[in-house]
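Here is a short note to read alongside the structure. Please keep the sequence at hand while going through the points.

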Amino acid sequence: MGEQAVTGTGGKPAPEQTPEQTPDAAGEDAAAATGGGATTGPTSAGMTADGAPPAPADISGAGMSADAVPGAPAGGAPAGPPQRTTDITAGPGGVMTDEVGVVTGELTLRTEWADGQVILRVQYKDADEWYVVTGGRASLADPAGLDAVHTVAVALLNRPEG
């Protein structure tokens with residue numbers, strides 16, 4: 001490994017142990033390694049060589065990432081419409097769908113909200129195709145009500161006891 005700086009009073013390197021590379025030189029090396037130009041944004045990942053905390057940064061929201069886009073999931077992809085998913089067991093009569101009629105057995109229920117409307121869909125567990133539950137569309141102005149609608153739909157359609 002390379003040399004380590006020994007900190008003196010006030011978190012500054014002791015004069016006799018000053019590393020050969022100065023902070024300015026380190027910044028230039030980092031800029032050269034990333035294609036030139038000055039470096040911007042946080043570069044310390046919350047740590048510094050001298051033990052001093054990094055300068056505070058304004059990270060809005062939950063403080064997850066300085067590059068986070070509000071409403072976007074990790075990875076920067078845009079967020080889709082809100083939805084909830086639960087595995088259920090259909091009762092003896094199954095669940096009626098618009099596309100294929102009755103589906104039975106182990107299913108996955110998805111409650112999704114888009115454009116002021118809630119839609120219930122089911123699929124056979126671990127299948128690719130989703131089917132709209134017959135009568136499973138309703139107006140819902142506020143997506144905050146999605147959890148309540150999903151809870152009621154699970155209570156009505158999940159019949160593991162038959």
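1. The model is predicted, so local features need pLDDT of at least 70 and side-chain atom pairs count only at pLDDT 80 or more, while totals for chains, interfaces and linings use all residues. Residues are numbered from 1 along each chain as its sequence is written, and side-chain values use heavy atoms, with hydrogens and water left out.

2. The chain has two helices and six strands, in the order α-β-β-β-β-β-β-α. Helices (H or I, at least four residues) and strands (E, at least two) are DSSP runs, numbered from the N terminus.

3. Of the 162 residues, 20% count as buried, where buried means under 20% relative accessible area with a 1.4 Å probe, protein chains only.

4. The largest nonpolar core has 13 residues, and I88, V95, V103, L107, L109 and V122 touch the most other members. Such a core is a set of buried Ala, Val, Leu, Ile, Met, Phe, Trp, Tyr and Cys residues joined through side-chain atoms within 4.5 Å. Elements giving two or more residues to this core are β4 (106-114), β5, β6 (131-139) and α2 (146-157); α2 gives the most, with three residues.

5. A polar atom of the Q123 side chain lies 2.6 Å from the backbone oxygen of A127.

6. Beyond its neighbours within four places in sequence, Q123 is in contact (heavy atoms within 4.5 Å) with E106, L107, T108, D128, E129 and W130.

Definitions and conventions
Polar contact = N/O pair within 3.5 Å; in protein donor to acceptor, adjacent residues only side chain to side chain. Buried < 20%, exposed > 50% of the residue type's maximum accessible area, 1.4 Å probe, protein only.
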